[in-house]
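Me: I'd like to learn how to read a protein model, one feature at a time. Could you walk me through this one?

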Amino acid sequence: MEIDFLQYQVRNGDTLTSIASRLGMTGEELKLFHNSHCQKMDKIWFESLNDVKNIYVPTNFKTEIQKERERKNSFPSGFSESFLAKTYSVNETFESPFEPSVTIDYTIELALHKSKNTDQYILSYSQNSFKSNGNTPDDKVSSLSIACMKSIMPLEFIMNDKGQIIGFADHKKITNTFTHQRKDLEEFYVGEVAQNYMDSFERGISDETVFLQQLLSTLLFQTLFPKIDWFQRKKNWTEPFYFLQNSFPVQCELNIEQSNDDENSVLTILNGKITERYTPQEIMRGIKFKDSAAEPAQGNIILEYTTHTKNKNLLQAKASVLLSHEEELIHQHHINITQG
C-alpha cells in the first residue's frame with residue numbers, strides 16, 4: 001500500500017464500501033489500510049461506520065490492475081530507434097578446463113534509422129578498441145583478424161520490428177569493400193600465412209548466409225539484440241540459443257523475473273535451461289549425431305537487461321552461458337555490455 005494518506009471525516013450514510021468505491025478500492029482494502037495506520041483503539045471491523053468519526057484513506061491508491069499496468073509500461077513493449085544507445089563497452093570472458101581463460105574488451109558503435117523505401121530498420125554496426133587480457137594484441141594473426149574485420153566496418157543490417165537482425169542491408173557492398181581494402185592489408189601483412197588467412201576470410205564473408213549465421217551465433221549478438229516481446233512475457237516458454245559460436249541452436253526453457261524497484265531503471269532476468277538431448281561433442285563441434293545422447297550435456301543461459309523506465313533505452317545487458325557434462329563444467333562464457 002502507498003504510505004501517503006489523510007484523514008477523511010465520516011459523514012452520515014457513509015460505509016466502508018461507499019468511501020472505498022470513490023477511491024477505486026474495495027471496502028476490505030480500505031479497512032486494511034485504515035487499520036494499518038491508526039491507533040489500536042481506532043481500528044474498524046465492520047461495514048457500518050457508526051461512532052467512527054475519521055478514517056485514514058490513501059492519497060494515491062493503486063489497484064492491483066493499475067500496478068500491473070504500470071509494471072508492464074515500465075518494460076519495453078515494442079522496438080524503436082531509442083532502444084539501443086549509440087555506444088557500448090563490452091567485456092567478455094571465456095573459461096574452459098582445457099585452456100587458460102581469456103578476457104577481451106572492445107567498444108561498439110551503433111546507428112539505427114528507418115529506411116524511407118522499405119520502412120525497415122537499418123542498423124549500422126562498428127567494433128573498435130579491441131584488447132585481449134588488457135593488452136592490444138600484437139601477434140600477427142590476431143592483429144590481422146582484427147584488421148580484416150575493421151576493413152569491412154561498419155556493417156549494415158536489416159532489423160524487424162521485434163529488434164531482430166534478419167539480414168544484411170547490402171551484402172555485395174561488404175565483399176566489394178574487402179576486395180578493395182585487401183590491397184592495403186597485403187602491403188603490411190606479408191607471407192603465406194597472411195595470404196591464406198585473407199583468402200579464408202574472403203571466402204567466409206562471400207557466403208551471405210554463413211557469414212550472417214557466424215555473427216548471429218555469437219553471445220554478443222544474441223544478448224545485444226533480444227526479442228522485444230521477451231520483456232512482456234509472464235509464463236515459461238522455449239527459445240533456441242547458440243551455446244557456442246558456429247555451432248547449432250539448442251532449445252531452452254526460459255523463465256522470467258522482473259523488478260522495477262529503482263525509479264529510473266528496471267531489471268529483466270531470463271533463466272534458460274537446455275531441454276534437448278545433445279552430447280557435449282555435438283555442441284562443441286556443431287555437428288548433430290543420428291542417435292539421441294544417452295548422457296546429454298547440461299546447459300544454462302542467463303540474460304539480464306537493465307532498461308530505462310521512461311525511454312525504454314537499454315542501459316546494460318549481461319549474459320552467461322554454462323555448459324557441463326555429468327555436473328562438470330566444460331565451457332563458460334560471460335559478457336557484460338554497458339552503455340557509454
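This is a predicted model: local features need pLDDT of at least 70, side-chain atom pairs count only at pLDDT 80 or more; totals for chains, interfaces and linings use all residues.

Me: What is the radius of gyration of the chain, and what would a compact globule have?

Reply: The idea is to set the value beside a reference. A compact globule of 340 residues would come out near 20 Å, whereas this chain has 28 Å. For the extents, the C-alpha trace spans about 100 × 55 × 40 Å along its principal axes.

Me: How much of the chain is buried?

Reply: Buried residues account for 41% of the 340 residues. The accessible surface comes to about 19400 Å², and carbon and sulfur atoms hold 48% of that.

Me: How do I read a pair of helices, say α5 and α6?

Reply: Look at the distance and the angle between their axes. Those of α5 (residues 171-188) and α6 (residues 192-206) come within 10 Å and cross at roughly 170°. Angles over 145 degrees count as roughly antiparallel, so that is how α5 and α6 run relative to each other. Residues that meet there include Phe178 and Arg182 from α5, with Met198 and Glu202 among those from α6. By type, the residues of this contact divide into six nonpolar, five polar and four charged.

Note on methods. Residues are numbered from 1 along each chain as its sequence is written. Side-chain values use heavy atoms; hydrogens and water are left out. Axes are lines fitted to C-alpha atoms, for helices over the stretch in contact, and angles run from 0 to 180 degrees between N-to-C directions. Helices (H or I, at least four residues) and strands (E, at least two) are DSSP runs, numbered from the N terminus. Angles under 35 degrees count as roughly parallel, over 145 as roughly antiparallel, 65 to 115 as roughly perpendicular and the rest as oblique. Contact means heavy atoms within 4.5 Å. Ala, Val, Leu, Ile, Met, Phe, Trp, Tyr, Cys and Pro count as nonpolar, Asp, Glu, Lys and Arg as charged, and the others, Gly among them, as polar. The radius of gyration is taken over C-alpha atoms; the globule rule is 2.2 Å times the number of residues to the power 0.38. Buried means under 20% relative accessible area, exposed over 50%, partly exposed in between (1.4 Å probe, protein chains only). Accessible areas come from the Shrake-Rupley method with a 1.4 Å probe; for residues, only the protein chains shown count as cover.
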